[in-house]
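Open the model in your viewer and keep the sequence panel beside it. This tour tells you what to select at each stop and what is there.

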Amino acid sequence: MNTVRRVFVFTAFLAMALLVSLVTSKPVAAKTNAPGVWSSSINLQNVTTSPATVVITFYDASGNVVTTYSPSTLAGGEALSIFVPAITTSPSLPSGQYSVVVSSDVQILASVNTASTSSTSAPWTAFAYDGFDSSQAGATLYFPGNYNNYFNFFSELVIQNTDASTTATLRGTFRNQSGTVLASNVNLGTVAPNASRTIAMSSISGLPSGSSGIFSAVITTDETVNLVGVANIWRTTPTAGTASYSGFTGGSTQLFAPSLLNNYFGFNSAITIQNVHASQNAVGTLTYSNGTVENFNLVPGAAIDYFQPNNANLPSGNTNGLLAAEVNVTSGSVVGLVSQSVPSGSGSFASYNVPGSASATVSIPSILS
C-alpha cells in the first residue's frame with residue numbers, strides 16, 4: 001500500500017505553565033507566545049475501507065526524535081482522538097512544544113485541537129487547525145492576516161521544515177493593506193529538519209503596531225526545502241481568545257466563504273484576501289450573498305481586509321446577519337482568511353481558511369457534541 005505522510009505543528013504540554021522555563025529533557029527553543037497553559041489532542045480519521053496502521057513521531061526544536069507513538073489500528077471509516085498529555089510512551093514525552101509527523105499505510109485525515117487550562121494567569125481559550133498532507137507543503141507560504149496589537153490582536157507564525165535532512169533558513173516579506181513593503185527578506189532564523197520555529201510578529205523589526213499593525217506575509221527559505229505552517233492569533237482584552245489558520249502554498253481564481261457574520265447573535269467577521277501571484281496584480285470582486293459587491297486591485301503579496309459591520313449595504317441581526325460570499329479574480333491568484341468573534345462578552349473567537357474549490361463529499365475528523 002502507498003504510505004500517506006501527514007505533517008502537524010502543534011503545542012503539547014503536560015500541565016506546565018507556558019510562560020515559565022520549560023523543564024524538559026530536550027530543548028524547546030521556539031515556544032508559542034500565546035498566553036496560556038496548553039495541551040493538544042490529535043484527531044485522526046481513516047477515510048478508506050481498509051484498516052490503517054498509524055505511527056506518530058514527535059520532534060523537538062532541534063529536529064531530534066523525542067518519542068514515537070502507535071495507536072491501535074483504525075478500522076475503515078473510524079475516527080480517533082488522542083489527548084497528547086495522556087500518551088504513554090517509552091521514552092516518555094516531556095512537557096513542551098513539538099512538531100509531529102503522522103504516517104499511515106492508507107489515506108487518513110487529521111486535525112489538532114489545542115486548549116489552555118483556566119487560571120488567573122492563563123485564561124481558558126482554545127483553537128484548532130487541519131494537519132497538512134505532504135502534498136500541501138511548499139517552498140513559499142502565504143499568510144493573509146498577521147497582527148501586532150491590532151485592536152488588541154497579536155499573532156505568530158509556526159513554521160515546520162518538512163525536509164528530512166536539510167536545515168532551512170526562513171525569510172519573510174511583510175506588506176501593509178496598501179501593498180507597501182514594510183520589511184523585506186527579513187531573516188527569521190533557522191529551522192532544523194522535521195522541526196518547527198515560532199515567530200511572533202512583535203519580534204520583527206520594522207513592523208508597525210496598533211491601528212497600523214495588520215499586514216500580509218510571504219515566507220520563503222534560502223534552501224530547496226518545503227515548508228508547512230500555521231498562524232496563531234490571540235487577544236487578552238477585552239476578553240481572551242485564540243484562533244489558528246493554515247498557511248497557503250498556492251492560490252485560486254475563485255474563493256468561497258460559507259460563513260460571514262454581521263451582528264449574528266453578537267458575532268461579527270472579517271474576510272482577508274491576499275494576492276499570491278508572483279508578478280500579476282489580483283484584480284477582482286468580493287460578492288456577498290445579498291448581491292453587495294466590493295472591488296479590489298492587489299499587488300503581488302498584498303492583502304486587504306473587509307470587516308462586515310463596516311459595510312452599510314450588508315444586512316445584520318440574528319435572522320439576516322448570516323452571509324456567504326464568493327471571490328473572483330480576472331488576473332492574479334488569491335487566498336483568503338475569515339476570522340469571527342464576539343466584540344465583548346464570551347470572548348469567542350475563531351478563524352478558517354477560505355476554500356478555493358468544492359467537493360461532493362467532505363470528511364470531517366472531529367465533531368464534538
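**Stop 1: Thr253 and strand 18**

Select Thr253, in the loop between strand 17 and strand 18 (254-264). Strands here are DSSP runs (E, at least two residues), and helices are runs of H or I of at least four residues, numbered from the N terminus. This is a predicted model: local features need pLDDT of at least 70, side-chain atom pairs count only at pLDDT 80 or more, and totals for chains, interfaces and linings use all residues. Residues are numbered from 1 along each chain as its sequence is written, and side-chain values use heavy atoms, with hydrogens and water left out.

(Buried means under 20% relative accessible area, exposed over 50%, partly exposed in between, with a 1.4 Å probe and protein chains only.)

Show the contacts of Thr253, meaning heavy atoms within 4.5 Å. Leaving aside neighbours within four places in sequence, Thr253 is in contact with Val327, Asn328, Val329 and Gly332.

Colour strand 18 and strand 23 (residues 322-331). They pair in the antiparallel sense over six bridges. (Two strands pair if DSSP finds at least two bridges between them.) Leu260 has Leu323 as its bridge partner in strand 23.

Next, strand 19 (residues 267-275). It pairs with strand 18, antiparallel, over two bridges. Asn262 is bridged to Asn268 of strand 19. The hairpin of strand 18 and strand 19 has two residues between the strands, and Phe265 takes a positive phi near 50° there.

**Stop 2: Gly356**

Move to Gly356, in the segment after strand 25. Its relative accessibility is 34%, so Gly356 counts as partly exposed. Residues up to four places away in sequence aside, Gly356 touches Ser252, Gln254, Leu255 and Phe256.

**Stop 3: the nonpolar cores**

Select Phe143, Ile159, Phe174 and Leu227. Of the 31 residues in the largest nonpolar core, these four touch the most other members. (A nonpolar core is a set of buried Ala, Val, Leu, Ile, Met, Phe, Trp, Tyr and Cys residues joined through side-chain atoms within 4.5 Å.) Strands that each supply at least two residues of this core include strand 10 (141-150), strand 11 (153-161) and strand 16 (227-235). A second, separate core has 19 residues, among them Leu260, Ile271, Tyr288 and Leu323. In soluble globular proteins, nonpolar side chains tend to be buried together.

**Stop 4**

Which strands form the open sheet of four? The order is 5-2-7-8, with antiparallel pairing. Strand 5 (79-83) and strand 8 (126-130) are the edges, and each pairs on one side only.

Zoom in on strand 7 (residues 108-116) and strand 8: five bridges, antiparallel. Ala115 has Ala126 of strand 8 as its bridge partner. Ser111 has Asp130. Show the side chains of strand 8.

**Stop 5**

Select Ser90 and Pro91. The peptide bond between them is cis, with omega near 0°. Pro91 sits in the loop between strand 5 and strand 6 (96-104). Then find Thr237 and Pro238, joined by another cis peptide bond with omega about 5°. Pro238 is in the loop between strand 16 and strand 17.

Two asparagines come next. Asn149, in strand 10, has a positive phi of about 55° although it is not a glycine. Asn149 counts as partly exposed because its relative accessibility is 33%. Asn194 is in the loop between strand 13 and strand 14 (196-200), with a positive phi near 70°. Asn194 is buried, as its relative accessible area is 7%.

**Last stop: zoom out**

Show the whole chain. The protein has one helix and 25 strands. Of its 369 residues, 53% count as buried.
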